[in-house]
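Here is a short report for a reader meeting this structure for the first time. Take a look at the chain, then read on.

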Amino acid sequence: MANNLESNLMKKVTENIAAGFESSVVSTKTVNTTNLKGKHNSATGDTVYDKRKTSYRAGETAQGDISGGEADNDILVGQIPFTRQNVITVKAEWDAVEEALELNQLEELLKPMGEELATRAEGNFNTYMVNNSGLTFGTPGTAVDAWTDVAYAEAHLNEIGVPRSGQRYYQLNSFSGAALASVQTGLNNDGMVKSAWNSAMVNSPVANLNVLKSNALKSITSGTAADRAGTLNANPDVTWATAKDTMTQTISVAGFTASSTITAGEVIEITGRNLVNPRNSNTIIDETGAEIPFRWTVTADVTLDGSGEGTVTVTNAAIFDAASNNQYDNISTAPVSGDVITILGAASTVYKPNLAYHKDAFSYATIELPKLYSTDTTYQSVDGLSFRVSKYADGNANQKILRVDLVPAFGVSNPMHAMRCYGK
């Protein structure tokens, strides 16, 4: 039987593309990753669901008699929606690949294809992380320029009940890294540039946080609402049963600038309602002894009507199931119509927050694409991420083409385990 030289060549091509892909990922190494093979089809549409972890609350009684329901937990298992993203494609003329093979320069030609694939996907994922982080620390527009800013963010994660494991991360932009350079003990550098991951790591004096420098952090442009204070226009639904499958909430707002916009990533603070640790029901107290106000994160752009009213979708859904499912309560009292709310920061301003989060806050998946040609190759990383490599002919253009396709899907496991970070 003759050797399948085309198959061998495609394997070599894929290995070189994969080398560029693997060396460029940073954010995806800090979250849960998976392959949604077999879970996505034409019937599922753009959303695929996976199970969310459940929470429980213990009861206390004098004699251990729990007949009064003190230890009861209503089990309503939530789901994590994975949202299918656009297909990311990088292509090149096959003649260039053959030429590079003859010149023994295949790595130089193909590795950047994998790098671009990873960089584009990571940029989109970082935007998703910013818009879906439930918590916000600091004042929008205030720079992170001291390790105390990082330490306060870590304290906030501790107090809200984020697990104190070695899988908590703090992504800072390059200028924040430069501002901290005078007080950091050094960079992780053994003289070799092995990968984007290795060069991103920063030695941190803050325990339980892995600090990374990232140029993929995305900026937020605030909406046009000049009147930054308004009110709730209705009582929000604060039940776990409603929020469990999306961890989002819709709020009706009023009192803002007519026909103005509120954009994804902006932060809305409620006056008089405070943040609570769901595990112990304690309100979160900052270093000054003050209770920390409850904040929402806007997940999608919205344009208000001519009266400055509208419906806004937010994450970090306020849960106050005081009668049942109170193991999920995260706010001191239920928000009601008339509550004063404030959009933090200024109108039409660009902000670039850092990010602090636990690995379980987000999930990054890829959808395995079907083969178009018999010579197609599917690459799957050790993290479960996959992309497809195809070679085909374009008869109209009289060309042979190499294309690489990646289809990411993003999910939020727990928005209260993720936080946008500014200075204080």
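Which residue forms a salt bridge with lysine 400? The partner is glutamate 98, and the closest N and O atoms of the pair are 3.8 Å apart. This is a predicted model.

## A link between distant parts

The pair of lysine 400 and glutamate 98 links distant parts of the chain. Lysine 400 sits in strand 23, residues 399-406. Glutamate 98 sits in helix 2, residues 94-102.

How does each partner stand toward the surface? Lysine 400 has 33% relative accessibility, so lysine 400 counts as partly exposed. Glutamate 98 has 32% relative accessibility and also counts as partly exposed.

## The chain as a whole

Now the wider view. The chain has 424 residues, and 47% of them are buried. Seven helices and 25 strands are found in the chain.

Take the contacts with a separation of 6 or more: 79% of them are between residues 24 or more positions apart. The accessible surface of the chain is about 19,300 Å². Carbon and sulfur atoms hold 48% of that surface.

## Salt bridges

How many salt bridges are there in the count? There are 11. Side chains of opposite charge can pair when their charged atoms come close.

One of the salt bridges joins the side chains of arginine 120 and glutamate 116, at 3.7 Å from N to O. Why are these two separated by about one helical turn? Because they are four residues apart in helix 3, residues 106-132. Arginine 120 has 46% relative accessibility, so arginine 120 counts as partly exposed. Glutamate 116, at 35%, counts as partly exposed too.

## A buried pair and a network

Arginine 295 forms a salt bridge with glutamate 269. Their closest N and O atoms are 2.8 Å apart. Arginine 295 lies in strand 14 (residues 293-298) and glutamate 269 in strand 13 (residues 267-274), so the pair ties together parts that are 26 residues apart in sequence.

Are arginine 295 and glutamate 269 buried or exposed? Both are buried. Elsewhere in the list of salt bridges, shared partners join Asp286, Glu287 and Lys424 into one network.

## Valine 26 in its loop

Where is valine 26 placed? Valine 26 is in the loop between helix 1 (5-24) and strand 1 (32-35). Its relative accessibility is 9%. The cut-off for buried is under 20%, so valine 26 counts as buried.

Valine 26 and alanine 118 are 92 residues apart along the chain. Their C-alpha atoms are separated by 9.1 Å.

## Cavities

The structure holds three cavities of 30 Å³ or more. The largest cavity has about 60 Å³ of space.

Which residues line the largest cavity? The lining consists of Pro140, Ile220, Ser222, Gly265, Glu266, Val267, Leu344, Tyr351 and Tyr422. By class, six of the lining residues are nonpolar, two are polar and one is charged.

Key: Residues numbered from 1 in each chain as written. Predicted model: local features only at pLDDT ≥ 70, side-chain atom pairs only at ≥ 80, totals over all residues. Heavy atoms only, no water. Buried < 20%, exposed > 50% of the residue type's maximum accessible area, 1.4 Å probe, protein only. Contact = heavy atoms within 4.5 Å. Areas by Shrake-Rupley, 256 points an atom, 1.4 Å probe, with all protein chains shown as cover. 1 Å grid on protein atoms, 1.4 Å probe; cavity = no way out; pocket = protein on both sides within 12 Å on 5 of 7 lines; lining within 4 Å. Points joined across faces, edges and corners; volume = space filled by probe spheres on them. Nonpolar A, V, L, I, M, F, W, Y, C, P; charged D, E, K, R; others polar. Salt bridge = Lys/Arg side-chain N within 4 Å of Asp/Glu carboxyl O.
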